[in-house]
Amino acid sequence: MNTDKDRAEEQKSRSQESGEKKKKMPLSKLRRFVLLGIIILFLLQFLKIKVLVGGLSGSLAVWFVKLIDIFAYFESLIASKDFTLTAFLAVLPIIGIYLVFGRAFCGWVCPMDFLFEIVDGFKNWSKVKVKASPKIGYVIAAALLITSGLIGVPFFTNYFSHLTNFFRFITGGVFFALDLPFEPSVLAYSGGIIVLLLVVEYIFPRTWCRVLCPVGKTYGLFNKISLIRLKFREGACGECNLCDQVCYMNVKIARHIDRSSLRDTNCIYCGRCAEGCETKGKLVKIKLGR
Ligand code: SF4
Ligand code: SF4
C-alpha cells in the first residue's frame with residue numbers, strides 16, 4: 001500500500017517529468033538556433049568582433065585558434081604536398097569535435113541542410129528519387145583529392161564547396177550592402193553554386209547530401225567511432241514506421257530498432273525520426289557515450 005511519503009515522491013517525480021517536458025525545446029528548433037548562432041558569430045566579424053573569422057571551410061576562432069574542415073585539410077595537403085604543423089593543428093580540434101558528434105555537423109551546422117529543408121517544403125511536382133548507393137560519394141571524394149593533387153589546388157574547396165561559396169556569398173553581400181569594394185563576379189559565382197545546389201535539391205531531394213557531398217561523406221566516417229548514436233528504448237516500438245518515412249537521409253531505422261543503438265554513416269543526428277515517431281521521442285533518442 002502506498003504511504004503518504006510514496007505518494008508525495010510520486011507526485012514530485014511526475015511534476016519534475018512534466019517540467020522537463022515543458023522546458024525541452026524540440027530538436028528541430030534547437031538545431032536551427034545552433035546554426036543561426038554560428039552564422040551570427042561569423043557575421044560579427046564584419047563589426048570587428050572576431051569570435052569566428054572566415055567560414056566553415058577554414059576559420060580563426062576567438063582570435064587565435066585556427067580551424068580547418070577535414071576534407072578541406074586533406075585537399076590542401078594533397079594539393080600542396082607540404083605538411084605544415086599549423087594546418088595539422090588546425091584540423092585536430094575539428095577531428096576532436098567530430099569524434100564526439102560524428103556527422104551531426106550536417107544536421108546542426110551546415111547551412112545547406114537548412115536551405116534544403118526550405119526547398120523540400122515547396123510543393124514538389126518533379127521529385128525524382130535517386131537510388132544511387134551512398135558509397136559513390138567516397139569515389140567522388142577520392143577523385144576530388146586526386147584532382148587536387150594533379151592541379152596543385154584544393155579543387156573542391158576552392159571552386160565548388162558549398163561551405164566556401166556560402167561564406168563568400170555572404171561576405172560579398174555584406175560588402176555590397178555596406179558599399180565596400182567587392183568582386184561582383186565572385187558574388188555571382190558563389191551565388192550561382194548555391195542556387196545550383198538548391199535546384200539539384202528540388203529535383204533530386206537529398207541526393208547531394210546522401211550520395212555526393214564529400215564534406216558530409218568525411219564526417220559520416222566518424223559516425224562509426226564517434227560517441228554520438230541513436231539509442232532505442234526496448235519494447236516501445238509500435239511499428240508505425242514513421243521514423244523511416246521522415247528520415248530524408250534514408251537511414252533504415254525501423255530495421256534496427258531491436259538493437260539497443262545505431263550508428264549509420266548517413267545519419268546526421270537531426271532528430272526527425274525521434275520527433276516524427278508516434279511515441280514522440282520516447283523510442284528514439286540521440287545519446288552521447290558508449
Ligand atoms: S552532406 Fe554536405 S551539404 Fe549536406 S548537410 Fe552535410 S556538409 Fe552540408
Ligand atoms: S536516422 Fe533520424 S537522426 Fe538520423 S538522419 Fe535519419 S531522421 Fe535524422
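Modeller: Let us begin with residue classes: Ala, Val, Leu, Ile, Met, Phe, Trp, Tyr, Cys and Pro count as nonpolar, Asp, Glu, Lys and Arg as charged, and the others, Gly among them, as polar. By that scheme the shell around ligand 1 has 7 nonpolar, 2 polar and 1 charged residues. Please bear in mind that this is a predicted model.

Biologist: Which residues surround ligand 1?

Modeller: The shell of ligand 1 consists of Cys 106, Cys 110, Met 112, Asp 113, His 162, Trp 208, Cys 209, Cys 213, Val 215 and Gly 216. Two or more of these residues come from each of helix H6 (111–121), helix H11 (207–212) and helix H12 (214–222).

Biologist: Is H12 mostly covered or mostly open?

Modeller: The general idea is to count neighbours: a residue is buried if 20 or more other C-beta atoms lie within 10 Å of its own. In H12, 8 of the 9 residues are buried, and the helix is therefore mostly covered. The buried residues are Pro 214, Val 215, Gly 216, Lys 217, Thr 218, Tyr 219, Gly 220 and Phe 222.

Biologist: Which residues are around ligand 2?

Modeller: Ligand 2 has around it Val 246, Cys 247, Met 249, Val 251, Ile 253, Cys 267, Ile 268, Tyr 269, Cys 270, Gly 271, Arg 272 and Cys 273. Divided by class, this shell holds 10 nonpolar, 1 polar and 1 charged residues.

Biologist: How should I read the packing of one helix on another? What is the angle between H6 and H10?

Modeller: An α-helix has 3.6 residues a turn, so residues three or four places apart point the same way. The axes of H6 and H10 come within 9 Å and cross at roughly 50°. These two helices are therefore oblique to each other, and their crossing is right-handed. H6 contributes Met 112, Leu 115, Phe 116 and Val 119 to the contact, and H10 contributes Leu 197, Leu 198, Glu 201 and Tyr 202. The contact comprises 7 nonpolar residues, no polar ones and 1 charged residue.

Biologist: At what angle do H9 and H10 cross?

Modeller: Helix H9 (residues 162–177) and helix H10 (residues 184–203) have axes that come within 8 Å and cross at roughly 135°. That angle makes H9 oblique to H10, and the crossing is left-handed. From H9, the residues in contact are His 162, Asn 165, Phe 166, Arg 168, Phe 169, Gly 172, Gly 173 and Phe 176; from H10 they are Val 186, Leu 187, Ser 190, Gly 191, Ile 193, Ile 194 and Leu 197. This contact has 8 nonpolar, 6 polar and 1 charged residues.

Biologist: Where does Arg 206 lie, and what is the value of its phi?

Modeller: Arg 206 is in the loop between H10 and H11. Its phi is near 60°, a positive value in a residue other than glycine. Arg 206 counts as partly exposed because it has 19 C-beta neighbours inside 10 Å. Asn 250, in the loop between helix H13 (242–246) and strand E5 (261–262), also is not a glycine and has a positive phi of about 60°. Asn 250 is partly exposed, with 14 other C-beta atoms within 10 Å.

Biologist: Is Ile 49 buried or exposed?

Modeller: Ile 49 is exposed because it has 11 other C-beta atoms within 10 Å. This residue belongs to the loop between helix H2 (27–43) and strand E1 (52–54). Its C-alpha atom is separated by 9.3 Å from that of Trp 63, 14 residues apart along the chain.

Notes: Residues numbered from 1 in each chain as written. Chains lettered and ligands numbered in written order. Predicted model: local features only at pLDDT ≥ 70, side-chain atom pairs only at ≥ 80, totals over all residues. Axes fitted to C-alpha atoms, helices over the stretch in contact; angles between N-to-C directions. Helix = DSSP H or I, 4+ residues; strand = E, 2+ residues; numbered from the N terminus. Parallel < 35°, antiparallel > 145°, perpendicular 65-115°, else oblique. Left-handed = near helix turned anticlockwise from the far one by under 90°. Contact = placed C-beta atoms within 7 Å. Near = placed C-beta within 6 Å. Buried ≥ 20, exposed ≤ 12 C-beta atoms within 10 Å, placed from the backbone.
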